[in-house]
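Here are my notes from going through this one, point by point. Have the viewer open while you read.

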Amino acid sequence: MKQLQRLFAMLLVICFANATMIQAAQAALVTTEQVAGMAAASPQDSPHARLGALMTRADVQAQLERFGLSPDVAKERIAALTDDEASRLAQQIENAPAGASDVLGVLLFVFIVLLVTDILGFTKIFPFTRSIR
Amino acid sequence: MLLMLALTGCAVQVPRLLGHPPPDLPRQVELVRTPFFPQLELQCGPAALATALSANGRAIQPQALVDKVFLPGREGSLQLEMLAGARRHGMVATLLPGSLEAVMRETAAGHPVIVLQNLGLSWAPTWHYAVVIGYDLDAATFVLRSGTTERLELAFRTFEHTWDRSQRWAFVALPPGRLPVTATEDEATRALVAFERNAPPEAAARAYAAALARWPDSLVLAMGLGNARHAAGDKAGAEQAFRDAAARHESSAAWNNHASVLLELGRRDEARRAAQHAVELGGPLRETALATLRAIDR
């Protein structure tokens, strides 16, 4: 049995060695992202890899769930980004503007300011106002 | 009063545009056939994106986009994800220059424009995505599909104020092969490289070919055309694209990829010469070129 195991291990070693040799000598195409300077310097540095690793952490998954995203959907969405975009996303996710934030929580003071600025044409919060200009 | 002074600082384009509109700009445009999807709850992002995609022949309901561009916890959609969401539905999403004229020119070319507005104030933001479908120079208004309003007329000034507070963020989503009329080479290139990442290679090749026709000096577009054709299995087409790129640009990437495709086509001698040239050019891709050369001589 032990000999069989050893044989199997030897076979594996040979396979892996072969695979890496082929890898090293393979003619590879330079990707467009690399040419455009939009790709990360190395695969380990790739923001996709970093975001992917982040997503396996429990605290990050909890955060995603608070954003209302399942980890699987989040992974798909990250895969649709370029390296460049993914790294910006990682930096911005807390601060980037998202459409349709809630005005209801804002104070009455803001309501009045907005009513005035709506009428002056600086803002457009209320459907019933008409800009004077 | 102080507040209003602070707010008036930004808008400068409207008077100039109204005083001297570019002569070739139509006085009036409205893309009346643009479909309308009233937004559900706070989901203006999916609604705006569905509007723009459906207008360009990719019929889709906002509900199908919620999973792709909506962040329930933030009650909104991130800008990056709006672009990625368009790409995931086979469209090229290109950012536009932040000028009113660019928005007008795109609608005049038949392209609805998705814009991000801050309808509120800089310190009390109300972010909102809407779709500009036209304008009227005489009435000084833009026409939008916005939220639950099918046809919203917004005074130029109001639009500019609300748009200015989003750093004038706007994009068009077009099928591969069609280009926005106002996009810069940089933005169009960025859009296509991002598109190539997840698109069917044939579609990416079509898109690159159209862009390369407009910007023939672009190395990135030429490389994209070769890479997309190669991914689509069109080796002869890829060879030609890389040959053109290598002839035009002293780029080790172009020479390396040309060598690699020549090798695949069995043209070993030509491949060796191309790879040697790529190695001579050196730079950060020298290792890649050396690997290609080794593969040829193996």
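1. Start with the overall surface. Chain B exposes about 12000 Å², and carbon and sulfur atoms supply 52% of that area. Buried residues account for 58% of the 298 residues in chain B.

2. Remember that this is a predicted model. Chain B has a mean pLDDT of 91, with 96% of its residues at 70 or more. The stretch to watch is residues 1-11 of chain B, where pLDDT stays under 50; the model has 14 contacts beyond four places in sequence for these residues. Where pLDDT is low, the predicted coordinates should not be read in detail.

3. On to the fold. Chain B has 14 helices and 7 strands. Take the contacts in chain B between residues at least 6 apart in sequence: 61% of them join residues at least 24 apart.

4. Strand S4 (residues 127-136) of chain B deserves a look, as several pairings involve it. Of its 10 residues, 10 are buried. Strand S1 (residues 28-30) of chain B runs antiparallel to S4(B), joined by 3 bridges, and Gln28(B) sits opposite Asp136(B). Strand S3 (residues 113-118) of chain B also pairs with S4(B) in the antiparallel sense, over 6 bridges; there Val113(B) stands opposite Val132(B).

5. S5(B) is another antiparallel partner of S4(B), over 6 bridges. These two strands form a hairpin with 4 residues between them, and Ala140(B) in the turn has a positive phi of about 55°. Across the pairing, Tyr135(B) faces Phe142(B) in S5(B). In general, side chains in a regular strand alternate between the two faces of the sheet.

6. Now the rings. The whole structure holds 5 aromatic pairs over all chains. Why does the pair of Phe142(B) and Phe159(B) count as tilted? The ring centres are 4.5 Å apart and the planes of Phe142(B) and Phe159(B) meet at 45°, so the pair is tilted. Phe142(B) belongs to strand S5 (residues 141-146) and Phe159(B) to helix H7 (residues 156-164), so the pair ties together parts of chain B that are 17 residues apart in sequence.

Methods
Residues are numbered from 1 along each chain as its sequence is written. Chains are lettered from A and ligands numbered from 1 in the order in which they are written. This is a predicted model: local features need pLDDT of at least 70, side-chain atom pairs count only at pLDDT 80 or more; totals for chains, interfaces and linings use all residues. Side-chain values use heavy atoms; hydrogens and water are left out. Buried means under 20% relative accessible area, exposed over 50%, partly exposed in between (1.4 Å probe, protein chains only). Contact means heavy atoms within 4.5 Å. Accessible areas come from the Shrake-Rupley method with a 1.4 Å probe; for residues, only the protein chains shown count as cover. Rings of Phe, Tyr and Trp (its six-membered ring) pair if their centres lie within 6.5 Å; planes under 30 degrees apart count as stacked, over 60 as edge-to-face and the rest as tilted. pLDDT is the predictor's confidence in each residue, from 0 to 100. Two strands pair if DSSP finds at least two bridges between them.
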